[in-house]
Amino acid sequence: MSRSDQHGPLMDLGTERPQVPAKARNLSPIVPRASIAGRALVAVVAIMTFLASITTGTVLLVSASASEWQSEVASEITIQVRPVAGRDLDRDAAAATQAIRTQPGIVEVRPFTKEESAKLLEPWLGTGLSLDDLPVPRVIVARVQPGSKLDLAELRRAVTQVAPTASVDDHRAWIERMRSMTGATLFAGIGILALVIVATIISVSFATRGAMAANRPIVEVLHFVGAGDRYIANRFLRHFLRLGLQGGVIGGGVAMLGFGFSESIAGWFSGTPVGDQFAALLGTFTLRPSGYLALAAQAVLIAAITAWASRRTLFATLNDID
């Protein structure tokens, strides 16, 4: 038996994929599986995925908290009865309360006492002040039945008929401000995600060019002996997809763990000014299951973008070889 018959053909000069023994393909990949550049790219993708996940999770928390705010504020109406010379403030407040109770769609009416109304001014005026000489209005809070449509004009007419100095506020301006804030937060999150994706594409492009430069002699030999661009590109695609998935799993997993323990961490700061402010902004710090699914899908998307960017960069490099 001749020497060529013993070894068999090592390569088929086809146009798509050279045929080499499976053992040789596994032991000698075109792109090294473990390299300093590969580990650096995994770290970059992990950092980018972590930042993207933190941004997305925060946007979801703010949106959910804003929706709760809007639902609570929209279900309440505030009536203020201002004191005026010649009228009995207590009598006007009681008459306004009774008029509100007769309106359809109102399920609860709570009139604030003089002391409770004055207590609302303490955050601005402080404690220990005598408010007897100040024209402190009486506050009445009415809760609207969910899903019912309240005739606000009729409510205003009924209230002002018995209490001419009363004013009715349905918090429409406050709801519009919250919607604007939520929209601004959403646009800011989309902008940050776009920057993260652009930075990921740039990092992957440089990593791909570096891998091509390190393996250029091998790629040139394969290219000139008949290996198609698709075969070479698929090798790099699998390599960078694997690196992207590793980085995405690390970055996304750390972010998910952070959100998972965020409620416990928030409990440590409960009762402090900082904790109360964050609780007012982000609610209970609890991310819904759909939020975790969104973070997982985002990590997979970043891995796919990593593979796509490497493939585009590779074809551009192969065109230069041609």
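How many helices and strands are there in the protein?

## Overall make-up

The protein has twelve helices and four strands. The model described here is predicted. Of the 322 residues in the protein, 35% are buried.

The protein exposes about 19100 Å², and 62% of this comes from carbon and sulfur atoms. Among contacts with a separation of 6 or more, 82% are between residues 24 or more positions apart.

## Strands E1, E3 and E4

Strand E1 is joined to two other strands. Six bridges link E1 to E3, and these two run antiparallel. Four bridges link E1 to E4, again in an antiparallel arrangement.

Strand E4 covers residues 166-169. Ala166 and Val168 make up its covered face, while Ser167 and Asp169 make up the uncovered one. In a regular strand, side chains alternate between the two faces of the sheet.

## Helix H4

Helix H4 runs over residues 89-101, a total of 13 residues. At 1.5 Å a residue, H4 should span 18 Å, and its end C-alpha atoms are 18 Å apart, so the two values agree.

The buried residues of H4 are Leu89, Asp92, Ala93, Ala96, Thr97, Ala99 and Ile100. Because they cover an arc of only 165° around the axis, they are on the same side of H4. The elements that cover them include strands E1 (76-81), E2 (106-111) and E3 (138-144), together with helix H7 (152-162).

At the N-terminal end, H4 is capped by aspartate 88. One of the side-chain oxygens of aspartate 88 lies 3.1 Å from the backbone nitrogen of aspartate 90.

## Helix H7

Helix H7 is among the elements that cover the buried residues of H4. H7 has buried residues of its own: Leu152, Leu155, Ala158 and Val159. Seen down the helix axis, these fall within an arc of 130°, so they line one face of H7. Ala153 and Gln161 are exposed on the other side of H7.

## Leucine 150, between E3 and H7

Leucine 150 is in the loop between E3 and H7. Is leucine 150 buried or exposed? Its relative accessibility is 18%, so leucine 150 counts as buried, the cut-off being under 20%.

Apart from neighbours within four places in sequence, leucine 150 is in contact with Ile77, Pro104, Ile106, Val144 and Leu155. One of these, Leu155, is a buried residue of H7. Another, isoleucine 106, is 44 residues away from leucine 150 in sequence, yet their C-alpha atoms are 8.1 Å apart in space.

## Threonine 182 in helix H8

Helix H8 spans residues 172-214 and contains threonine 182. With a relative accessibility of 16%, threonine 182 counts as buried. Which residues is threonine 182 in contact with, leaving aside its neighbours within four places in sequence? They are Ser63, Ala66 and Gln70.

Notes: Residues are numbered from 1 along each chain as its sequence is written. This is a predicted model: local features need pLDDT of at least 70, side-chain atom pairs count only at pLDDT 80 or more; totals for chains, interfaces and linings use all residues. Side-chain values use heavy atoms; hydrogens and water are left out. Buried means under 20% relative accessible area, exposed over 50%, partly exposed in between (1.4 Å probe, protein chains only). Contact means heavy atoms within 4.5 Å. The expected span of a helix is 1.5 Å times one less than its number of residues. The arc is that of the directions from the helix axis to the C-beta atoms. A polar contact is a pair of N or O atoms within 3.5 Å; within protein, one must be able to donate a hydrogen and the other to accept it, and residues adjacent in sequence count only if both atoms are side-chain atoms. Accessible areas come from the Shrake-Rupley method with a 1.4 Å probe; for residues, only the protein chains shown count as cover. Two strands pair if DSSP finds at least two bridges between them.
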